[in-house]
Amino acid sequence: MLSEAESRAVRRGVPDPGIPLPRAAAPTIALFFGSLAVWVVATWLALGGNAPFWVTIPLHALVTFTMFTVLHDAIHHAAGRSNWVNELFGRLSVPFVACYASFGMFRFIHIEHHRNTNEDIDTDPDAWTTHGPWWQLPLRWLTIDGRYAVFYIPRLRTRPRAERIETTATVGLSVLVFGGLIATGHGWELALIYLIPQRIGVAVLAWWFDWMPHHGLTDTAQKNRFGATRVRVGMEWLLTPVMLYQNYHLVHHLHPAIPFYRYVQAWRNNEAAYLTRDVPIMTAWGRELTASEYRAWRRLTESFHSDAAADTAGAGHDEFHPLAVAEVRPLTADSVSISFEVPEHLRDRFRFTPGQHLTLRTTVDGAERRRTYSLCTSATSDLVRIAVKRIEGGAVSTYLTQRLAAGDVLEVLAPTGRFVLDPAAAKGRHHVGIVAGSGITPVISMLSTTLSVHEDSRFTLLYGNRTAESTMFRDELEMLARHFEGRLRIVHFRSADPGPEPAGPYERVVSGRIDAEQLTALFDANLSPRDVDGWFLCGPQELVDDTRALLVDQAVPRREIHVELFHAAPAHAGEHGVASTISATVGGRTSAVDSDGHESVLEALLRGGLDAPYACMGGACGTCRAKLVRGSAEMEVDYALSHDERAAGYVLTCQARPTTERVELDYDA
């Protein structure tokens, strides 16, 4: 066991787990008796011929694994506060793990692993499981107890006399029992009930207890205890019970006296403190996460649910927040990305679902202007970034792309928008984005987030531009295609100059625009609409309308087609509305204004001084959405509302004109 000086050194700088040790760890003791019951039943089935070996061997192997958890807790004095509890259940569990070893031997070897984690193979006995080429690893896992013997025997003479006696007696008794069973013709039963299952159990233990939490880490326990062991997150509904909490093995190394079933609680109690130390974190599928990536990943995987997009879509009735510009970075000759510095107290408010946008308010040429721009970074990062492409004659886009600089302050609404891909619904699915020009901005957030969160998701991007030089995020997309190794495939459509083929195997270039003919050929070749779970269309109106019509012709359900327009075609002037009194509720405040019907509902409300939400004024973004509570209004164009929203009485107030003498709207609904 650790000396008091070593114990103080180990505890130094480690946060208090906040978990007291019980008098007796009931789940650990229950695990022992449950494992014993399984062993008795499996042995009865095997000896009586009541079940085939492929049933009994896994049961006996399971007992090896579960009994080691009891032994492991006892080694660390985590089976209970009383010493006799740990000594008793430690010795009772040893025969089911490795009957030829003693409890004292196990304790010494395992504590040496804790003291010398990730040291050389002669100092850390468990380093045997992580050294050597990959093809040797299963053999090393199968022989870990042999390596323990090689480690222990030279040190046997330095061990306490009682431990030497117990170990020698245990080995001798095992030899006698094994020899007697073989001599009396029971060798097959010995192999079936003990030797084969125990070897399988030992291999799994070496894999899960040693290789998974330690492989590839260079920090040692002496150098940095926080970096010597990792946690494995994701699929915890399965991994935590199956691995008996060893997916949180880092917690055990930091707090060895905590019972196994308290690891997750200790992690939650001290998560912030662990993350400030940049502890190693890996997903269930083996992808390393930084602390900031983990925070966002945890928020995405635990907080998002099927209604997340609906819950946040209408959250635009927030106040504007002044945000400083952290960086303005050129993307192409006429576009830039803009990153913001978000204060700590606003970070939660600026969390977003991939596909959502920010509304900016600024004064240009003496006039207040509002514009919406999509968030174009992964929601698993802490970066809040938009991209702006300059529009000919556009006052705001010209200001943002040519005059804005780091340190300037813009007024920004919290994220909103309905053109979203909820990561929680993307697991194991294949999505396709069909975009042109700046239509990439919401979709690059969708693909980078979903592919990061779910290792079994796929994304195909069909991206139209004039040339390679005019392609926004070209380098970033190339990097993402390499990073996700085939789960992201990109087809570039270049209408003016195809340019050279991308260097990577997951990108290719097609000459021409994205049109029905090109898409039909692609569908016939290697992209079957039947294999796609969701389509996301963003770009010019002609591209969006034509593509949506083609997908409907291909029998793609309309609910799987999601559309966003950045610039809607202007509506043809129709009949004016009627003179009306319009009242609206925004943020709990209700105001009324009279209108002659010539102006839109939104224009009338703004004229009357109501701070109603809006952005594009073209019926494309959905920011001005409100529920019609009384009366009626007709919209000239509508590119943002779903069929269900229209049926529920929602309208886009920038496009609606009153058709009754009284109209009541609720922006908060």
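**Rings, charges and strands**

A: Happy to. The charged end of Arg155 sits over the ring of Phe151, at 3.8 Å from the ring centre. Keep in mind that this is a predicted model.

Q: Nice. And which ring does Arg361 lie over?
A: That would be Phe320: Arg361 lies over its face, 4.0 Å from the ring centre.

Q: Now rings with rings. How many aromatic pairs are there?
A: The count comes to 20 aromatic pairs. One of them is Tyr245 with Phe260, which is edge-to-face because the ring planes are at 70°, with the centres 5.9 Å apart.

Q: Where do Tyr245 and Phe260 lie?
A: Both are in loops. Tyr245 is in the loop between helix H10 (236-242) and helix H11 (249-254), while Phe260 is in the loop between H11 and helix H12 (263-276). The pair therefore ties together parts that are 15 residues apart in sequence.

Q: Is Phe260 buried or exposed?
A: Phe260 is buried, at 6% relative accessibility.

Q: OK, on to Phe419 and Phe536. What kind of pair is that?
A: Edge-to-face: the planes are at 70° and the ring centres are 5.8 Å apart. Phe419 belongs to the loop between strand S9 (409-412) and strand S10 (430-436), and Phe536 belongs to strand S14 (residues 534-539), so this pair ties together parts 117 residues apart in sequence.

Q: And how buried is Phe419?
A: Its relative accessibility is 4%, so Phe419 counts as buried. Phe536 is buried too, with a relative accessible area of 2%.

Q: Which residues do ring pairs link into a cluster?
A: The cluster is made up of Phe65, Phe68, Trp141, Trp207, Trp208, Phe209 and Trp211.

Q: Changing topic: what is the strand order in the open sheet of five strands?
A: The order is S17-S16-S22-S18-S20, and the pairing is mixed.

Q: Which strands stand at the edges?
A: Strand S17 (589-595) and strand S20 (650-652) do. Each has a single partner strand, so one side of each is left without a neighbour in the sheet.

Q: What does the twist average there?
A: From one strand to the next, the twist averages 35°.

Q: Last one: in which sense do S16 and S17 pair?
A: Strand S16 (residues 580-586) pairs with S17 in the antiparallel sense, over seven bridges. In one of the bridges, Ser580 has Ser595 in S17 as its partner.

Technical notes:
Residues are numbered from 1 along each chain as its sequence is written. This is a predicted model: local features need pLDDT of at least 70, side-chain atom pairs count only at pLDDT 80 or more; totals for chains, interfaces and linings use all residues. Side-chain values use heavy atoms; hydrogens and water are left out. Rings of Phe, Tyr and Trp (its six-membered ring) pair if their centres lie within 6.5 Å; planes under 30 degrees apart count as stacked, over 60 as edge-to-face and the rest as tilted. Helices (H or I, at least four residues) and strands (E, at least two) are DSSP runs, numbered from the N terminus. Buried means under 20% relative accessible area, exposed over 50%, partly exposed in between (1.4 Å probe, protein chains only). A charge sits over a ring if NZ of Lys or CZ of Arg is within 6 Å of the ring centre and within 35 degrees of the ring normal. Two strands pair if DSSP finds at least two bridges between them. Axes are lines fitted to C-alpha atoms, for helices over the stretch in contact, and angles run from 0 to 180 degrees between N-to-C directions.
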